[in-house]
Amino acid sequence: MKNFSDQEVRWGILGVGNVCEVKSAPAMNLIPNSRLVAVMRRNEAKAKDYAARHGVGKWYSDAQALIDDPEVNAIYIATPPDAHLELTRMAAAAGKPVYVEKPMARNHAECLEMIEICEKVDVPLFVAYYRRALPHFVKIKELMGEGAIGAIRTVHINMRQIVEPEIITKLENNWRVIPEIAGGGYFYDLASHQLDLLDFFFGKITHTAGFCGNQANAYQVEDIVVGSFFFEDGVFGTGNWCFSSSQSAEIDEIVIDGDKGQIRFATFGKGEFTLIRDGHEPQLLQFELPKHIQQPLIRSIVDELLGSGLCASTGISGARANWVMGELIRERIA
């Protein structure tokens, strides 16, 4: 990327909605050499209100105006996915690094276009798959690298939620199940985190096949997806996502099997996992998660921009999650 000439990252946010209340934006002022200096939302009153409540000096209702602000030198795109491509284009044209919410875009083609746009002007592109930087997932990767459960054989994702899952934040409009906005349904919103996390653990998925359907007819997009996949390092995997289950059947679990043990964890739960090794009692390893859950990943972005580290979640890695999801829902059978 081009040299980042400033000694401080001064963030401008496009789309200060719910994700910016606790998860991401407040962390920008807690990281050394990082400040949030401007926010934007199309609703002028809401932009002004957010700025007032969070002590942000500038607010805008026009995206281009924020991007053109000379004090802003990095852009965080926190809108729904349908705006990611165009806003990335605008930010890259201004020569400003881009941090975009997940999923990276509505489909893989849009992701590739975002990558190309940023590469042409040598602007870095990062994606908010923040689980790559959380301590318990970093520890899982470390343990597997050390051979704690031997050679990895398989990984299995099992997720069941009721029709209106509590894990989904209620918004003014439920854009997460509008394909023109989100690309897909709750599968795109939640499985994207899981598939990206497995990419972090095992590298890219090279082969995948799946089916999807809509059993509950609560909305138009898929509410059930099943599939299998194969990673470049030889691990085989399966996934089963159902968003119309009973409350008693709800589950969020990933199981990694090695030839000497097993690791089990929830993607969206506490900062903990269970390590099971042959000949040993199961161990529950627990880690404290940051209040602002994106803080470790945002810190890695700041470090990379200032030349003192690297961020593990890039446009290239983020696009792979979109490719896998697209393949898994390619064939709709119900």
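These are my notebook entries on a predicted model of one protein chain.

**Entry 1. Overall build**

I began with the secondary structure. The protein chain has nine helices and 14 strands. Next I checked the radius of gyration. It is 20 Å, close to the 20 Å that the globule rule gives for 334 residues, so the chain is as compact as a globular protein of that length. I then took the extent of the C-alpha trace along its principal axes. The spans are about 60 × 45 × 35 Å.

Of the 334 residues, 53% count as buried.

**Entry 2. Surface and charge**

I computed the accessible surface of the protein chain at about 14500 Å². Carbon and sulfur atoms hold 49% of that area. I also counted charged side chains. There are 33 positive and 43 negative ones. The centres of the two sets lie 2 Å apart.

**Entry 3. Strands S8, S9 and S10**

I followed the pairing from S8 onward. Strand S8 covers residues 205–213 and strand S9 covers residues 224–231. The two run antiparallel and are joined by eight bridges. S9 also pairs with strand S10, residues 236–242. That pairing is antiparallel too, with seven bridges.

Which residues stand opposite phenylalanine 230 of S9? On one side I found histidine 207. In S10, the bridge partner of phenylalanine 230 is phenylalanine 236.

I then inspected the turn. The hairpin of S9 and S10 has four residues between the strands. In this hairpin, glycine 234 takes a positive phi near 100°.

I moved to another set of pairings. Strand S7 (residues 152–160) and strand S11 (residues 251–258) pair antiparallel over eight bridges. Methionine 159 stands opposite aspartate 252 in S11.

S11 is also joined to strand S12, residues 261–265. Four bridges link this antiparallel pair. How many residues lie between S11 and S12 in their hairpin? I found two.

**Entry 4. Backbone checks**

I looked up a cis peptide bond. It joins lysine 102 and proline 103, with omega about -15°. Proline 103 sits in the loop between strand S5 (98–100) and helix H4 (108–120).

Asparagine 33 has a phi of about 60°. Its loop runs between strand S1 (9–14) and strand S2 (34–40). Asparagine 33 has a relative accessible area of 46%, so it is partly exposed.

Aspartate 122 also has a positive phi, of about 60°, and is not a glycine. I placed aspartate 122 in the loop between H4 and strand S6 (125–127). Its relative accessibility is 34%, so aspartate 122 counts as partly exposed.

I picked out arginine 89 and histidine 84. Arginine 89 lies in helix H3, residues 84–93. Histidine 84 is found in helix H3 as well.

Is histidine 84 buried or exposed? Its relative accessibility is 0%. The cut-off for buried is under 20%, so histidine 84 counts as buried. For arginine 89 I got 32%, so arginine 89 counts as partly exposed.

I listed contacts for each, leaving out residues up to four places away in sequence. Arginine 89 touches Glu113 and Ile117. What does histidine 84 touch? I found Ile77, Thr79, Val100, Glu101, Pro103, Met104, Ala105 and Met114. Among these is Pro103, the proline of the cis peptide bond with lysine 102.

I finished with two C-alpha separations. Arginine 89 and glycine 318 are 229 residues apart along the chain, and their C-alpha atoms are separated by 17 Å. Histidine 84 and glycine 203 are 119 residues apart along the chain, with their C-alpha atoms separated by 25 Å.

Methods. Residues numbered from 1 in each chain as written. Predicted model: local features only at pLDDT ≥ 70, side-chain atom pairs only at ≥ 80, totals over all residues. Heavy atoms only, no water. Rg over C-alpha atoms; globule rule 2.2 N^0.38 Å. Buried < 20%, exposed > 50% of the residue type's maximum accessible area, 1.4 Å probe, protein only. Areas by Shrake-Rupley, 256 points an atom, 1.4 Å probe, with all protein chains shown as cover. Lys, Arg positive; Asp, Glu negative; His and termini not counted. Charge placed at Lys NZ, Arg CZ, Asp CG, Glu CD. Pairing = 2+ DSSP bridges. Contact = heavy atoms within 4.5 Å.
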